[in-house]
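Below is a brief report on one protein model. Look at the fold first, then read on.

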Amino acid sequence: MKWPEKLEHYDGYRMQFDFDNYIVSVVQFTGSYGYKAGLWEVAFMDRETQDFCEPPLDFLTEYRNADVGIYGHLNDPEVDRIVQAMGQLDSKENSNANND
């Protein structure tokens, strides 16, 4: 999946990936988890409530969980992996909804 344009966010950057049921925010700024090492922080939010949440991705246990739905110290390939998995989850959820 192509990364969206980086938007200025505090003294760094933010990108937002929009899915049917989730919003994935990817940030890198002073204070974000991994900033000092040039790494990304990823936050998952429920699209409807805007609350932080844990999406059903089993492999997230491989990463540092800073808080509910927030993972830090991620490099570009790890962010790609997460975004691609979210896209597949989106497709799967849409397929299941169409079969109901």
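## Basis

This is a predicted model: local features need pLDDT of at least 70, side-chain atom pairs count only at pLDDT 80 or more, and totals for chains, interfaces and linings use all residues. Residues are numbered from 1 along each chain as its sequence is written, and side-chain values use heavy atoms, with hydrogens and water left out.

## Overall fold

The protein has 1 helix and 6 strands. Their order from the N terminus is β-β-β-β-β-β-α. Helices (H or I, at least four residues) and strands (E, at least two) are DSSP runs, numbered from the N terminus.

Along the principal axes, the C-alpha atoms fill a box of roughly 45 × 25 × 25 Å. The accessible surface comes to about 6,200 Å², of which 45% belongs to carbon and sulfur atoms. Accessible areas come from the Shrake-Rupley method with a 1.4 Å probe; for residues, only the protein chains shown count as cover.

Of the 100 residues, 39% count as buried. Buried means under 20% relative accessible area, exposed means over 50%, and partly exposed lies in between (1.4 Å probe, protein chains only). Contact means heavy atoms within 4.5 Å. Among contacts between residues at least 6 apart in sequence, 42% join residues at least 24 apart.

## Strand 6 and its partners

Strand 6 pairs with strand 4 in the antiparallel sense over 3 bridges. Two strands pair if DSSP finds at least two bridges between them. Ala43 stands opposite Ile70 of strand 6. Strand 5 and strand 6 also pair in the antiparallel sense, over 3 bridges. Here Asn65 has Tyr71 of strand 6 as its bridge partner.

Strand 5 and strand 6 form a hairpin with 2 residues between them. Gly69, in the turn, has a positive phi of about 75 degrees.

## Nonpolar core

The largest nonpolar core has 22 residues. Such a core is a set of buried Ala, Val, Leu, Ile, Met, Phe, Trp, Tyr and Cys residues joined through side-chain atoms within 4.5 Å. Val24, Val26, Phe44, Leu60, Ile82 and Met86 have the most contacts inside the core. Strand 2, strand 3 (22-28), strand 4, strand 6 (70-74) and helix 1 each supply at least two of its residues. Helix 1 gives the most, with 6 residues.

Which residues does Met86 touch, leaving aside its neighbours within four places in sequence? Met86 is in contact with Phe19, Tyr22, Val24, Phe44, Pro55 and Leu57.

## Salt bridges

The structure holds 2 salt bridges. A salt bridge is a side-chain nitrogen of Lys or Arg within 4 Å of a carboxyl oxygen of Asp or Glu. One joins Arg47 and Asp18 at 2.9 Å, N to O. Arg47 lies in the loop between strand 4 (40-46) and strand 5 (64-67), and Asp18 in strand 2 (residues 12-18), so the pair ties together parts that are 29 residues apart in sequence. Arg47 is partly exposed, with a relative accessible area of 30%. Asp18 is partly exposed as well, at 47%.

Arg81 forms a salt bridge with Glu62, and their closest N and O atoms are 2.8 Å apart. Arg81 lies in helix 1 (residues 76-99) and Glu62 in the loop between strand 4 and strand 5, so this pair ties together parts that are 19 residues apart in sequence. Arg81 is partly exposed, with a relative accessible area of 34%. Glu62 is exposed, at 52%.

## Backbone notes

Most residues other than glycine have a negative phi. Gln50 is not a glycine, yet has a positive phi of about 70 degrees. Gln50 lies in the loop between strand 4 and strand 5. Its relative accessible area is 45%, and Gln50 is partly exposed.

His73 also has a positive phi, near 65 degrees, in a residue other than glycine. His73 is found in strand 6. This residue, His73, is partly exposed, with a relative accessible area of 30%.
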